[in-house]
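Please read them with the model open.

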Amino acid sequence: VVQYEKLELETEGGNLIMNISQYQKELKDIEDKILKMVSEASDDILNDDELINKLKESKEKSTQINLKMVEAQETSKKINRARDQYRPVATRGSVLYFVIADLGLIEHMYQYSLDFFIQLFGIRLDKSTKSDKIEERIDILIADITWSFYSNICR
């Protein structure tokens, strides 16, 4: 439902997953580089200026990446809160799907495909009355989707 209603959040969520993966890879690379340099260092590590400079650089970069990770986690929480707002619509859609699927067990005439369901669900998300208030929009979606499936199945 969020994919239809808040496409920018879904796009941001996809980018977020890629960024977090990249940050984790960078942290792993930094750790590996440090371990390699320490293992290849001479006996007196404290006098190895290159190693000390690399450690300082790694520490700064690691701090920056950790800050970005915190920001990414906050963004992820924001996206999940938005998804939770639409959960009642998703729940209604799930209930309707399984009820309609079970109708085929009662009478073979009532067999409908998942493609039919997804297509009708998407159409109703697009064509239902819009509202700026999220609670009102959710009520509209639930009523519209329920009525649409009822009228299409009972014809």
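1. Terms and source. Helices (H or I, at least four residues) and strands (E, at least two) are DSSP runs, numbered from the N terminus. This is a predicted model: local features need pLDDT of at least 70, side-chain atom pairs count only at pLDDT 80 or more, and totals for chains, interfaces and linings use all residues. Residues are numbered from 1 along each chain as its sequence is written, and side-chain values use heavy atoms, with hydrogens and water left out.

2. Aromatic pairs. Rings of Phe, Tyr and Trp (its six-membered ring) pair if their centres lie within 6.5 Å; planes under 30 degrees apart count as stacked, over 60 as edge-to-face and the rest as tilted. The count by this rule is 6 aromatic pairs. One of them is F117 with F121, stacked at 5.9 Å centre to centre with 20° between the planes. F117 and F121 are 4 residues apart in helix α5 (residues 114–127), so about one helical turn separates them. Both F117 and F121 are buried (under 20% relative accessible area; exposed is over 50%, partly exposed in between; 1.4 Å probe, protein chains only). Y97, F98, F117, F121 and F149 make up one aromatic cluster.

3. Salt bridges. The whole structure has 5 salt bridges (a side-chain nitrogen of Lys or Arg within 4 Å of a carboxyl oxygen of Asp or Glu). R124 and D144 form one at 2.7 Å, N to O. R124 lies in helix α5 and D144 in helix α6, so this pair ties together parts that are 20 residues apart in sequence. R124 is buried, at 18% relative accessible area.

4. Bridges within one helix. K25 and D29 meet in a salt bridge at 3.2 Å, N to O. They sit 4 residues apart in helix α2 (residues 7–40), about one helical turn. K25 is exposed at 54% relative accessibility, whereas D29 is partly exposed at 35%. K77 and E74 also meet in a salt bridge, at 3.8 Å, N to O. Both lie in helix α3, 3 residues apart.

5. Charged patches. Which residues gather in a patch of positive charge on the surface? They are K33, K54, K61 and K68. Patches are made of residues with over 30% relative accessible area and no salt bridge: like charges are joined within 9 Å, nonpolar side chains (Val, Leu, Ile, Met, Phe, Trp, Tyr) within 5 Å. Helix α3 (residues 49–85) gives the most to the positive patch, with 3 residues. D132, E135, E136 and D139 gather in a surface patch of negative charge. E135 is in helix α6 (residues 134–153) and is exposed at 55% relative accessibility.

Technical notes
Accessible areas come from the Shrake-Rupley method with a 1.4 Å probe; for residues, only the protein chains shown count as cover. Lys and Arg count as positive and Asp and Glu as negative; His and the chain ends are not counted. The place of a charge is taken as NZ of Lys, CZ of Arg, CG of Asp or CD of Glu.
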